[in-house]
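Please examine the sequence and the structure shown below. The briefing that follows is grouped by topic.

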Amino acid sequence: MGIYNTTQKEIAKQLDSGASRSQWKDWKWQRTHLITSIDEVERLLEVKFSPERKVKLVKTLEKFPLAITPYYLSLIDTADYENDPVFRQAVPDPSELLLSACEMSDPLAEDKDSPAPQITHRYPDRVLFHVSNVCSMYCRHCTRKRKVGDRDSIPARDTLKEGIKYIAETPEVRDVLLSGGDPFLLSDKYLDWILTELGKIDHVEVIRIGTRTPVVLPYRITDELVNMLKKHQPLWVNTHFNHPREITASSKAALAKLADAGIPLGNQTVLLAGVNDCPRIMKRLVHKLVQNRVRPYYLYQCDLSEGLKHFRTPVGKGIEIIESLIGHTSGFAVPTYVIDAPGGGGKIPVMPTYLISWSTNKVVLRNYEGIITTYKEPDSYEPIFCDRNCNDCSLQLKLDGADELKSVGISRLLSDSNEAITLVPGGLERIERRSDVEEDE
Ligand SMILES: *Cc1c(COP(=O)(O)O)cnc(C)c1O
């Protein structure tokens, strides 16, 4: 699909009778011509919803607002719009109002794990920094639906300074993930300021930006933006393509600019019923991504956020998709399938089972073709017992000081230098009855 095809021309003309090709390709024009009402959707797509459906759709917008860029709207194939993957991600569905008991407004407890404004600190060495509450379009499957359309959209410099201060004062944070909203909806200047401030912090080793602009507003990736980003290496960018149809001439051009600037690109896909819950669609998507120098990073199971019921698939669908990819295609085209644990446990990878059984001698495995094979364990192995004293160890890490994080969770149970032999859940009556309850350190 070329840039500024007839559909796009027609949409542009309806929105702004004097619009030119260069205006269409101007992200600010796209931003000022967002489609925000059901009437406009009907008019621009030349479709008509039934009166009952329309009442429900309008009601949906009171809870979860609508915003679509003219560009993204132009990707909808109106011939079968109800099954169109772009339509389903952009236009509300009456099921958004059907809440289930298991759904939550903040399923990942991002607001609870927030030690400073706009910060979610969940993992030991990295934080999520919500630098923008603005998006160029409101994805119907947004996990942060609770925040969509918040008035107070761009956090003020003073608010962000508090987040930056938290990062500066927390030496274990070596990776900062800018998210939002969409960080690329900040002005180049504001984003430059944030990246510069973070760049001054010695212990921050990498910065990542999560953005959907290459998908829904590719014209945002301007030469000016890319030249600014280039100054802040090492910087990684993660995009959010969900369907091969989203990879167009315009989005390819945006990805090429970022990749040419030496910015490593990743992609996070959400598994969505009726959009991409198909092994063939997913294979097509990952192939198109790698052709455009984007490494598929995560495939997410749809979160338990309010209003997403109609998008959820069984976990089995995700496993089936990964089963269809591993071995069948390039290893670097296979994303890690994850479930983000409700309650804030973080991302949990889930995989088909390849390890079938084992003895002290052999491991039994199966491959993608169903061949069952064995791996012979070594006859002898000199175990490395680690007391975290690298100076006495034959392996040559030679850490200066023991400035390593302390071991946590299951890896703590595996560690030779930690006394912990069990992880005990809280609230166990049996344990609480013990008089000599040992306090965990
Ligand atoms: C996803 C996420 C990260 C980053 O996780 P990676 O697995 O390193 O990509 C960090 N913090 C929070 C709160 C997250 O949800």
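**Ligand and backbone briefing**

A polar side-chain atom of R126 is placed 2.7 Å from an oxygen atom of the ligand; a polar contact here is a pair of N or O atoms within 3.5 Å, and within protein one atom must be able to donate a hydrogen and the other to accept it, with residues adjacent in sequence counting only if both atoms are side-chain atoms. This is a predicted model, in which local features need pLDDT of at least 70 and side-chain atom pairs count only at pLDDT 80 or more, whereas totals for chains, interfaces and linings use all residues. Residues are numbered from 1 along each chain as its sequence is written, and side-chain values use heavy atoms, with hydrogens and water left out.

**Ligand contacts and burial**

- For Y298, the distance from a polar side-chain atom to an oxygen atom of the ligand is 2.5 Å.
- For K347, a polar side-chain atom lies 3.1 Å from an oxygen atom of the ligand.
- The ligand taken alone exposes 380 Å², and the protein buries 90% of that (accessible areas by the Shrake-Rupley method with a 1.4 Å probe; for residues, only the protein chains shown count as cover).

**Shell around the ligand**

- The residues around the ligand are T120, R122, Y123, R126, L128, L177, R208, Y297, Y298 and K347, where a residue is near a molecule if one of its heavy atoms lies within 4 Å of it.
- By class, this shell holds 5 nonpolar, 1 polar and 4 charged residues (Ala, Val, Leu, Ile, Met, Phe, Trp, Tyr, Cys and Pro count as nonpolar, Asp, Glu, Lys and Arg as charged, and the others, Gly among them, as polar).
- At least two shell residues come from each of β1 (119-123), β2 (126-130) and β7 (294-300); strands are DSSP runs of E with at least two residues, and helices are runs of H or I with at least four, numbered from the N terminus.
- β1 gives the most to the shell, with 3 residues.

**Backbone features**

- G180 and G181 are joined by a cis peptide bond with omega about 15 degrees, and G181 lies in the loop between β3 (175-179) and α9 (188-199).
- A109 is not a glycine, yet has a positive phi of about 50 degrees; A109 is found in the loop between α7 (85-90) and β1.
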